[in-house]
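Welcome, and thanks for taking a look at this one. Please have the sequence and the 3D view open as you read the notes below.

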Amino acid sequence: MAKVTMRILPKHKDEIREGDKESPIHGDVLEAMILTRLSLVDLVAASRVSKAWRGSVSTSLRISPRVKPWFIVYALHRRKLSLTSAFAFDPSSRVWLRIHNIPDAQFTTTDITSSSSMGALQSSHSQHLLYTVSTTGFSFSFDPFHLTWHHVLAPLAWRKDPIVARLGSRVLVAGGTCDYVDDPLDVEMYDIASGRWETCQPMPDQLQESATSNWLSSAVTESRLYLLEKRSRLICSFDGETKTWGPISDLNLFSTPNNIDAPDPVFQSTIGFVDDRLILVGLMGKTADLQGVGLWEVDQDTYQCRPIGEMPLEMVEGLRKANSPLSTMRASTEGAYIYIYDPRNPEQIFFCELSEGICQWGHAVNPMMNKGNAINKFVFSCSRIGMGDVEKAVASGSRTFTVESGGDGLSSFYSFTAPCPV
Amino acid sequence: MSSTKIFLKSSDDKTFEIDETAARASETLKNIIDGGCLDGVIPLPNVSSNILPKVIEYCKKHGGDNGSSKKIANGGVDKDKEILPDYDEEEDKREKVRVDELKKWEEEYMDFDQQVLYDLMLAANYLHIKGLLDLTVEKAASMIRGRTPDQIRENFNINSDFTPEEEEEMILIEDEWDDEWAFD
């Protein structure tokens with residue numbers, strides 16, 4: 001997908017490096033034409049062939065950087081909560097991979113209530129943060145492949161479905177419901193460096209009825225958390241430095257991107273950061289009758305919204321057909337990407353890459369999903385994966401990868417480019 | 001027009017004949033022909049006489065039709081026309097036979113050693129024959145895809161020049177690659 005001008009000339013004999021002697025395929029041809037077609041997983045193998053090939057892999061990565069975030073799916077047994085399988089979509093190579101050999105222990109709460117639903121693995125939908133929270137402990141991980149887990153004491157107030165987000169070196173736990181306790185608006189923050197929980201200003205009162213991750217969508221920077229009520233579009237922000245909440249506001253989506261005259265109302269919205277832009281993904285029409293999916297950029301101070309793009313109609317049609325109740329649709333963002341999917345059945349994923357005034361929409365079907373997956377619950381993570389991450393994961397012995405489908409022949413991949421204002 | 005002959009001269013001064021329609025499979029040749037300054041023989045200083053017949057064979061098969069081999073690479077599915085309302089079953093069958101036949105032809109055509117693969121790739125790149133370039137590059141890529149380092153070495157006749165210590169080290173080196181966080 002990288003734009004490479006290919007002017008390939010055979011190298012002069014003197015330029016041919018040592019390890020290449022026996023192999024006629026080397027240099028520019030290998031770097032610009034062949035290796036650019038391969039996934040990171042194959043590049044890890046290629047980089048171990050010889051010194052010359054290692055150099056070629058490095059050059060190839062400069063020609064065609066693989067910085068697009070993977071969409072990773074962990075399938076857990078619905079009752080046992082043990083990991084049954086894991087797969088990932090790599091948009092740089094347009095391939096689906098299966099991830100094997102993940103030690104079960106990493107994905108179930110260690111010695112804590114692993115048999116209880118309290119300790120189930122959750123995703124925070126931003127910054128590839130996965131966590132489990134129970135009455136006795138809190139475990140979280142945010143490296144790209146979740147190789148490293150932090151196990152710490154549980155927050156003071158235990159709640160179900162809280163909002164969990166990482167603000168730099170701190171992890172915030174806010175809201176959630178509990179049968180026994182009092183205030184659903186409690187906010188606590190764990191500082192990784194000091195290893196301590198701190199109590200913060202409670203969430204604004206207006207969120208009293210909706211202070212769980214089911215009703216609120218979150219977007220985070222290093223120091224700030226934005227919360228959006230998915231239905232009403234009330235928005236507010238939390239400052240990680242002062243540990244206080246800003247004023248609550250009502251987002252006004254004054255028009256849909258393309259249909260300024262006859263806007264379809266947005267019935268559900270999600271926010272996330274796409275690079276450093278705060279983006280709202282809005283489902284338009286009615287829950288039973290999806291009319292479109294629009295994208296808006298939200299000003300981080302004034303909360304003014306500006307339409308920037310709309311999902312192509314043929315894709316909206318696919319989204320409408322592909323999924324169970326649309327109210328369950330989720331959107332996750334990472335890097336320049338927005339992934340839109342049904343968390344109950346992520347067989348089809350829809351995505352949009354925002355760059356230089358262009359929305360590049362795509363759709364990919366997961367070939368590893370089957371009926372057996374009905375017993376599964378899915379947890380998602382989007383991470384930018386580099387060569388080093390794959391090497392490290394493979395070297396740790398706790399991850400191996402196999403490409404399941406893809407390359408240029410991926411017929412289930414569909415893409416559509418539309419202009420969008422910068 | 002189809003009977004017009006074009007003459008191509010290889011790097012080692014051998015001349016080959018090709019129909020104009022076939023020659024048009026190459027963007028480079030097409031531009032020379034359309035440029036009108038065709039003066040008998042087209043010299044191809046980057047293509048030798050043992051590769052040129054192979055290139056001509058490909059052009060003959062694909063004369064003027066650059067897209068067909070791409071279609072095969074996509075598993076025979078043309079995404080733009082996947083489901084047409086007035087779908088012609090007979091036409092579909094004929095198309096399938098044609099695609100199968102072409103696939104078989106390509107399989108036989110592509111049966112050669114690595115040196116030829118490399119030279120053919122360079123020739124396809126130089127002459128801008130997209131279908132042939134795709135075919136050759138994909139073949140090389142398939143010799144790497146899903147393989148272990150040992151299998152890749154075997155496929156390309158390479159001996160590892162890493163010492164056991166270096167092999168060990170490679171696993172431990174972090175942040176060696178340039179692709180990470182390139183945009184941060």
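This is a predicted model: local features need pLDDT of at least 70, side-chain atom pairs count only at pLDDT 80 or more; totals for chains, interfaces and linings use all residues.

A residue counts as buried when its relative accessible area is under 20%, and as exposed when that value is over 50%.

**Strand E1 of chain B and its partners**

- E1(B) pairs with strand E2 (residues 15–19) of chain B in the antiparallel sense, over five bridges.
- Together E1(B) and E2(B) make a hairpin with five residues between them. In the turn, B:Asp13 has a positive phi of about 65 degrees.
- E1(B) also pairs with strand E3 (residues 41–43) of chain B, this time in the parallel sense and over three bridges.

**Chain B as a whole**

- Chain B has nine helices and three strands, and along the sequence they follow the pattern β-β-α-α-β-α-α-α-α-α-α-α.
- Of the 184 residues in chain B, 36% are buried.
- If you take the contacts in chain B between residues at least 6 apart in sequence, 62% of them join residues at least 24 apart.
- UniProt, in an unreviewed entry, lists "domain: SKP1 component dimerisation" at residues 130–170 of chain B. This span is 68% helix and 0% strand, and its end C-alpha atoms lie 37 Å apart.

**A helix pair in chain B**

- Helix H3 (residues 52–62) and helix H5 (residues 89–109) of chain B pack with their axes 12 Å apart, at an angle of about 180 degrees.
- Angles over 145 degrees count as roughly antiparallel, and H3(B) and H5(B) are therefore roughly antiparallel to each other.
- On the H3(B) side, the contact is made by B:Lys54, B:Val55, B:Glu57, B:Tyr58, B:Lys61 and B:His62. H5(B) contributes B:Glu101, B:Leu102, B:Trp105, B:Glu106 and B:Tyr109.
- By residue class, the contact of H3(B) with H5(B) divides into five nonpolar, five charged and one polar.

**A four-stranded sheet in chain A**

- Chain A contains an open sheet of four strands in the order E8-E9-E10-E11, with antiparallel pairing.
- Its edge strands are E8 (163–167) and E11 (196–200), each of which pairs on one side only.
- On average, and with direction ignored, neighbouring strands of this sheet are turned by 25 degrees against each other.
- Strand E9 (residues 170–174) and strand E10 (residues 187–191) of chain A are joined by five bridges in the antiparallel sense; A:Val171 has A:Tyr190 in E10(A) as its bridge partner.

**Positive phi in two loops of chain A**

- A:Gln127 lies in the loop between strand E4 (122–123) and strand E5 (130–133) of chain A. Although not a glycine, A:Gln127 has a positive phi, near 50 degrees, and with a relative accessible area of 16% it is buried.
- A:Lys243 lies in the loop between strand E14 (234–239) and strand E15 (244–245) of chain A. Its phi is also positive, near 60 degrees, and A:Lys243 is partly exposed, with a relative accessible area of 22%.

**An annotated span in chain A**

- From an unreviewed UniProt entry comes "domain: F-box", placed at residues 33–58 of chain A.
- In the model, residues 33–58 of chain A are 65% helix and 0% strand, with end C-alpha atoms 14 Å apart.

Technical notes. Residues are numbered from 1 along each chain as its sequence is written. Chains are lettered from A and ligands numbered from 1 in the order in which they are written. Side-chain values use heavy atoms; hydrogens and water are left out. Two strands pair if DSSP finds at least two bridges between them. Axes are lines fitted to C-alpha atoms, for helices over the stretch in contact, and angles run from 0 to 180 degrees between N-to-C directions. UniProt positions are given in the numbering used here, feature names are shortened, and annotations may be inferred rather than shown by experiment. Angles under 35 degrees count as roughly parallel, over 145 as roughly antiparallel, 65 to 115 as roughly perpendicular and the rest as oblique. Contact means heavy atoms within 4.5 Å. Ala, Val, Leu, Ile, Met, Phe, Trp, Tyr, Cys and Pro count as nonpolar, Asp, Glu, Lys and Arg as charged, and the others, Gly among them, as polar. Buried means under 20% relative accessible area, exposed over 50%, partly exposed in between (1.4 Å probe, protein chains only).
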